[in-house]
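Trainee: I would like to go through this model with you. Can we take the sheet before the hairpin and the surface?

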Amino acid sequence: YRFQIIGDNLYFISYSYDEATQESEQVLYTYSLAQQKETDRFILTQHSPEDGDVYRSADAYLLADGGMIVCERTYDSSEEGDEETSFLLKRYDPGHTLIAQTDLQDVLEDGGEGFYVQSMFGDSEGRIYVVGDSTILLFDAELNKKGVIDAGDTYLNAAGLGKDGKAYVNMYEPMQNMPVIKEIDFEKADFGESFAGAVNENGNT
């Protein structure tokens with residue numbers, strides 16, 4: 001899942017579980033389309049019986065500079081714990097070295113409870129966009145918080161960069177009873193120009 005193509009490389013995340021050892025891991029794979037083979041694997045999370053009820057899950061997005069951003073949740077699933085212990089946004093350089101991180105529990109008003117990452121991406125200036133169900137978090141290249149866009153009760157379907165390099169989001173507009181595309185204005189931490197005729201997740205306009 002989370003397939004991306006950058007240049008001649010295909011990137012995707014895979015989850016595996018070994019019933020014999022009860023070990024699991026999430027791995028980000030790099031597959032060369034030119035060479036038709038796997039060229040790199042980066043372990044995002046691992047879990048073994050020694051970890052007990054503490055689990056981690058991660059999502060990742062590759063950046064144009066070869067680096068990546070990773071959203072990693074750690075939570076205690078035991079009856080005594082049953083809570084999220086950390087919710088980190090991490091940035092890695094092309095060599096998979098961690099260069100910055102921030103705790104999203106400190107960024108979100110409710111500590112991140114119920115926040116689901118729909119998509120993540122970066123623009124040509126290195127700025128990072130983390131899109132939830134109805135909230136967009138804005139960070140600079142060092143993962144310093146620069147703003148939060150709250151869409152209220154409006155559901156955000158998907159977001160990404162256009163060919164013009166600007167950031168856009170596909171969202172359902174209740175007042176118009178239809179999906180629309182809106183520009184994401186990073187500097188103002190708000191939605192910009194709106195475009196009608198967008199396609200929703202069912203393929204309808």
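Trainee: What is the strand order of the open sheet of four strands?
Mentor: This is a predicted model: local features need pLDDT of at least 70, side-chain atom pairs count only at pLDDT 80 or more, and totals for chains, interfaces and linings use all residues. Residues are numbered from 1 along each chain as its sequence is written, and side-chain values use heavy atoms, without hydrogens and water. Strands are DSSP runs of E, at least two residues, numbered from the N terminus. With antiparallel pairing, the order is E5-E6-E7-E8.

Trainee: Which are the edge strands?
Mentor: Two strands pair if DSSP finds at least two bridges between them. An edge strand here pairs on one side only. That gives E5 (54-62) and E8 (98-103).

Trainee: Which residue of E8 stands opposite Tyr 92?
Mentor: E7 (residues 83-92) and E8 pair in the antiparallel sense over five bridges. Opposite Tyr 92 stands Leu 98.

Trainee: In the hairpin of E13 and E14, which residue takes a positive phi?
Mentor: E13 (residues 156-161) and E14 (residues 167-173) are antiparallel, with five bridges. Leu 156 faces Met 171 across the pair. Five residues lie between the strands, and the one with a phi near 85° is Gly 165.

Trainee: Is Tyr 1 buried, partly exposed or exposed?
Mentor: Tyr 1 lies in the segment before E1 (4-6). Buried means under 20% relative accessible area, exposed over 50%, partly exposed in between (1.4 Å probe, protein chains only). At 40%, Tyr 1 is therefore partly exposed.
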